[in-house]
Amino acid sequence: MQVFVTGAAGFIGFHLIRRLLEEGSRVFGIDNLNPYYDPRLKTDRLSILEKTPGFAFQRTDLVNRQGMEAIFREHEFDAVVHLAAQAGVRYSLENPYVYVDSNLTGFMNVLEGCRAVSVPHLVFASSSSVYGANTKMPFSVHHNVDHPVSLYAATKKANELMAHTYASLYGLPCTGLRFFTVYGPWGRPDMALFKFTKAILEDSAIDIYNHGNMERDFTYVDDIVEALVRVMRIKPKPDSSWDGGSPDPGTSYAPYRIYNIGGSRPVRLMDFIGVLEKALGKEALKNMLPLQKGDVVATCADAQDLEDAVGFRPRITVEEGIGHFVRWYREYYRV
């Protein structure tokens, strides 16, 4: 396959591309290498990918309309996997315009590029954050998700709506994937596991919001990649049973689908920290704080639709996953 991956230097993009290259696919990747977190991590990921035959990279920004048009005009892709986005719930409270530029305008350029050359399949990253104020567990793609609690979540919900529009108007096959708290080696420094590990090893206190009364459906990055690879090879088809009188958000009369990627095994935050402390052989100094704006108390994925479609659901435990992360972290930072 010839695959176009946006966000090639990002956490998930890096792991996906490495897997695709190992399987013999050719990958064209882009990234703007923005400094939202340490660019060294991004360039080091890229340096690994660039050693493998079949990978081509171009530094560009999604919002560069002419640049994106040129990429789609000059290349032929069997699939597009759109992972690039301005990430982070809390940062969206500080710098909202970045989210509009990257997550909305940037996605518009991806959709237009796919439409212009009739890309066979667009797979795009959504997020568990779209469930927002929902409290019915587990979260299902068949639930209504009209009450986001952060701008980041609102942009991801908007991406789903934009993709559905293009699937409906132009027959562009689109699959959206709602990722649930992804973690693992080469992860993002703004994520809890990374921040906690760094702080514990430096004898600094870790900030624990909502006084630790949080649950997350932590999903190891290899499970995310396995699901991505399987999903990208199955183009969605119109659902003949879809009924406008009782519309199902998870399917459509158009070639469009949404899937959750999570293990359906929510872990209490304090238990997660306990596993990390054991892996590090060191107890954390804890700074208990109230719930932050934009945060949700709990997440849990209903991944049945994913399993029905591709025969897979995430299975790596936090004990195993955190162990892999800690080994990578110690080696990468030599601590």
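This is a predicted model: local features need pLDDT of at least 70, side-chain atom pairs count only at pLDDT 80 or more; totals for chains, interfaces and linings use all residues.
Which elements cover the buried residues of α7? Residues are numbered from 1 along each chain as its sequence is written, and side-chain values use heavy atoms, with hydrogens and water left out.

**View 1. Helix α7 and its cover.** Helices (H or I, at least four residues) and strands (E, at least two) are DSSP runs, numbered from the N terminus. In α7 (residues 192-201), the residues L193, F194, F196, T197, A199 and I200 are buried, that is, under 20% relative accessible area with a 1.4 Å probe, protein chains only. Their cover includes α2 (39-49), β7 (182-183), β8 (205-208), α9 (269-280) and α11 (318-333). D203, which follows α7, has a positive phi near 60°.

**View 2. The open sheet.** Seven strands, paired in parallel, are arranged in the order β3-β2-β1-β4-β5-β6-β11; strands pair if DSSP finds at least two bridges between them. At the edges, β3 (55-59) and β11 (256-261) each pair on one side only.

**View 3. Strand β4 and its neighbours.** Four bridges join β1 (residues 2-6) to β4 in parallel, and T6 stands opposite H82. Three bridges join β4 to β5, also parallel, with V123 of β5 as the bridge partner of V81. In a regular strand, side chains alternate between the two faces of the sheet. From β4, A79 and V81 point one way and V80 and H82 the other way, and all are buried.

How values were computed: Buried means under 20% relative accessible area, exposed over 50%, partly exposed in between (1.4 Å probe, protein chains only). Contact means heavy atoms within 4.5 Å.
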